[in-house]
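User: I've got this one open on my screen and I'd like to talk through how it packs. Can you walk me through it?

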Amino acid sequence: MQFGILGPLTARSADGHPITIGGPRPRTLLALLLLEAGHTVSVRRLIHGQYGDHPPAAATNAIQAQISRLRRHLPADLIELHGTGYRLAVDPEDVDAHRFQRLTRQGRRLLATGHHTAAAALLRQGLDLWRGPALADAPFATAHATHLEELHLAATEDLIDAELGLPEATPTAELHHLITTHPLRERPRALLMRALHAAGRQSEALAAFHDYRHLLADELGTDPSPELAALHLTLLRTQPPPPHAPRPRLPTQLTSFVGRETELHHLAALHPTRLITITGPGGTGKTRLAVEAATRRNDDTLFVDLSPLDDGDQIPQAILGALGLRDTALRPPTPGTPTPTDRLTTALAQRHLLLILDNCEHLITPAATLTRHLLTTCPHLAVLATSREPLGITGEHLLPLSPLATPPPGNPPDDPLAYPAVKLFTDRAAAVRQGFTLGPGNLDPVLRICAALDGLPLAIELAAARVRTFPVEEIATRLTEHGRFTLLTRGDRTAAARHQTLHAVVDWSWDLLDTTEQALARRFSVFSGGATLQAVEHVCGHDTAPLLAELVDKSLIETDGDRYHMLDTIRLYCAARLSEAAEEHHLRAAHAACFLHLAQHADPHLYRAEQLHWLARLSADNTNLQAALRWSVTHDRPTALRLIAALAMYWWLSGRRAEATQHAERLLDALGTEPPADLTEEYVLTVLHAVPNAEPQHWRQAATIMNTLDRPMRYPFAPALWGMTAGPPQQQPPHPLGPDPWSQALDKLSDALLSLQNGQITQAEHTFETAVAAFDTVGERWGKAQGLDSLAQIASWRGEWTRAGHLWQHALDLLEELGAREEIIDLLCRRADGLRRAGDTAAATADCLRAAELARTTGTPDTMASVHLRLGELARHHGDHHEATRQLHSALTASATGPFTTEGTRARVLTALARLTDDPREAATRHRQALDAALNSPLASHLADAAEGQAGQALTDGHPERAALLLGIGTALRGVTLTGDPDLTATATAATQTLGTETFATLFARGAAMSRRQALTTLHTPGA
């Protein structure tokens, strides 16, 4: 039979004849069964689907009557009774909604991998199944209809997205219709901007963004997302974004590439070489050449600028950050936690990648050491480095850069633009003065300028920028008379000479400023990574906007419209002038105070619906926050303590917790164990961020503070971070949580986790639902996702597969908004468990493969352990024992030194290995090891897994009575009988056949009634 719910409900017999269904109630009931085609739907859920939260007293009888009416219209035995529910015995592919979801899901996956034609074909095929509003004549299934309509809208957007990648696609009309229908939805706006830009309608694309921004401000009082703002900025720079490409990994170039064609050809010829270092004096264009060469290669490329770093230990973390990898979350750091280098090695081990390490000179030894390590351990990696000196590694191929060619002195050349130095000056001068061209009237001074600057690209570009202010003759005269630039000594590029040349370039630019401009320029140097106008005014003085504009015009400062930046070479020069003016301490203190204010102002917003906006806001100033903290640790320890405390939630949500570790350690070394009396909470948070390197005396002092607190903490995230780092408490913490809504929601989440830990499933489920509602009220995503994930796991234990799927998908959506990769991996693994037990091994495998892909990029062994475990269990149930053994041993290795949160994974791995072996002694040893590992986990469900594993072993050993008892103990520990697990089903079936139903039920019930203590005693007593 064929069924349709994407429009009016239809049913057709095998020969295509329509079948009449009864009134609204039977149609709604059939729709509810069709939504779960092939799966059992409980009567309770059917009642809720029909009548909502207030069903009539006779609702169960009404459902039975409606089932009877349906059976009169449908073939016999099509609706099956299973326990307390009904199952429609049809293939999901016979229902248009399930076909639609499969086709659009496949299309979305193809879209994500850039296969636009195939994606568009599948998406169109799925959308063509729609005949009108979903469930149009099933009036009591409005929630399900709304969900299907949302899927329809998302698939429509996916189709348009795919069509944008096809030649001559112009889906603007469809997009205008979508925007009219859903004016506040962001994705159609982004697609419209891309479509207009691709069609050459740049102004309309920009106008679409401004219209949306005004609409959001008027309707919701919010701004567009950072992603849409980034797209707007890309369009402003007239660089259309490649469809479906990941975040750009190469710096966007705003000017044309001039010269260096010979070097580009040389780099192309060296393509198989795994390590190339571009060397030369500062200002010769090493970075620009590296970027241009990478752009012309068809390789996956990652660009990492080392210039902001001041310690070689920061290099691995900088590369991880460029890869978009968060620090591990929901796992406390321990001495066994992998180092950033370990994570980086894991992330890059199998990737085909070109890694550009830019500006290595000030960290030459650690950069060389890490490069050698990565090239040795990552066979598909190639490195392109830029440095003022070679890395000095065996196999390194050097490409030294000389200054750009300039015309020889004497007679003017016939074609001066054939010389790259002249062409570069002319190109950049034309960019700042409209109509500038090279001609007889200015040829001589331009040639003199290029000669005076010895063809240094940076010097030429800075000199060309002065064309906005001075005639080229005056520029040439100044260079000659004042001797501001020293010609490079060819063949002897010592560090001092290189520095002198760059210094001369910036020194000349500095002399062109008046005293007020110089004051702002040197004060601006305290910023790292740029600053907003508000921050500049806060630190450097009010009413600085006009002076900023002057410095932008004179190319000392750059702006993208929202933030102001200073080239690092110029910033270092200005910082030296700041020190000479004896202003550095005052400005550094003002800078730290400014960013402490930002952190403290942002922190409350991270617990509410606007957290994504504020995460982006803090991330934009992350280097400033780091600079403020670095200075404060040495010069203003109270400010340093307050910064660490105010940034705790930001670091956790954005995966930057490791950035605080070194600062926290230094601060604790300076403070000792006696924090200021009014900063004890800040001290605790500093200790938590020093983990795993916090000294025992600091940890003891922090524990004393936490155990003696008799009031709510001022920082809402502090209790959560303490619990996740110190481990789940055995009882409620002695101090109350704060009265704010987020803390109260966290309190409920903590209660629920304690109940789940103790196997009190019903109580845990109710409390999780309360916590989710509380987090939803405040709009906070991280806490809500934790609650939804736990609810989904409980639902899956009971076999409520559809409910579990909806809950997990909702949690996954929230975590993806935050970019929480480690939590996403954990969730996908748990969902794969549920899907495997539900019998959908294809979907379980898909989740595992996606988790594996993410885990390989995170470089964290404990996430890899979870993935290998699931892949091993899937292989075992498919009968592929060789693959199962391989995956499980990989999981065992990865979980060997993990934190306490991996003990449950380790227990399951050992149990699965025990089930694979034919050696009874080895199996018994594995089961004992699994029990020991489970005892180190705080979750009762892990002990339940170990008990159920021992049940299978007891049956194999010829002890069916103990097997039945242990299965009951698993239910006692977990709080619910695990549904759908093939191992448990096989054990229970075999034990029942041996013992008889009544004896099995008696022994099972005895185990299920045991307390935790009784259960543990039985588990440790083999003959009990």
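Analyst: Before we start, buried means under 20% relative accessible area, and exposed means over 50%. Also keep in mind that this is a predicted model.

User: Good. Are Phe 100 and Trp 130 buried or exposed?

Analyst: The cut-off for buried is under 20% relative accessible area. Phe 100 and Trp 130 both fall into that class, so the word for the two of them is buried.

User: And how many residues apart in sequence are the parts that this pair ties together?

Analyst: The two rings make an edge-to-face pair, 5.5 Å centre to centre with 80° between the planes. Phe 100 belongs to helix H4, while Trp 130 sits in the loop between helix H5 and helix H6. The pair therefore ties together parts whose separation in sequence is 30 residues.

User: What kind of aromatic pair do Trp 742 and Phe 775 make?

Analyst: Trp 742 comes from helix H34 and Phe 775 from helix H35. Both residues are buried. Planes over 60 degrees apart count as edge-to-face. The ring centres here are 6.1 Å apart and the planes stand at 65°, so the pair is edge-to-face.

User: Where does Lys 748 sit, and which residues does it touch beyond four places in sequence?

Analyst: Lys 748 is in helix H34. It is partly exposed, because its relative accessible area is 28%. Its C-alpha is 6.2 Å from that of Thr 767, although 19 residues separate them in sequence. Leaving out residues up to four places away, Lys 748 touches Thr 767, Thr 770 and Ala 771.

User: Now the open sheet of 5 strands: which are the edge strands?

Analyst: The strands run in the order S7-S8-S9-S6-S10, with parallel pairing.

User: What angle does helix H15 make with S9?

Analyst: S9 pairs with S6 in the parallel sense over 5 bridges, and Ile 278 stands opposite Thr 386 in S9. Helix H15 packs on this sheet, touching S6, S8 and S9. Its direction and that of S9 make an angle of about 165°.

User: Last one: which residue lies over the face of Tyr 573?

Analyst: The distance from the ring centre is 4.4 Å. The residue over that face is Arg 577.

How values were computed: Residues are numbered from 1 along each chain as its sequence is written. This is a predicted model: local features need pLDDT of at least 70, side-chain atom pairs count only at pLDDT 80 or more; totals for chains, interfaces and linings use all residues. Side-chain values use heavy atoms; hydrogens and water are left out. Two strands pair if DSSP finds at least two bridges between them. Helices (H or I, at least four residues) and strands (E, at least two) are DSSP runs, numbered from the N terminus. Contact means heavy atoms within 4.5 Å. Axes are lines fitted to C-alpha atoms, for helices over the stretch in contact, and angles run from 0 to 180 degrees between N-to-C directions. Buried means under 20% relative accessible area, exposed over 50%, partly exposed in between (1.4 Å probe, protein chains only). Rings of Phe, Tyr and Trp (its six-membered ring) pair if their centres lie within 6.5 Å; planes under 30 degrees apart count as stacked, over 60 as edge-to-face and the rest as tilted. A charge sits over a ring if NZ of Lys or CZ of Arg is within 6 Å of the ring centre and within 35 degrees of the ring normal.
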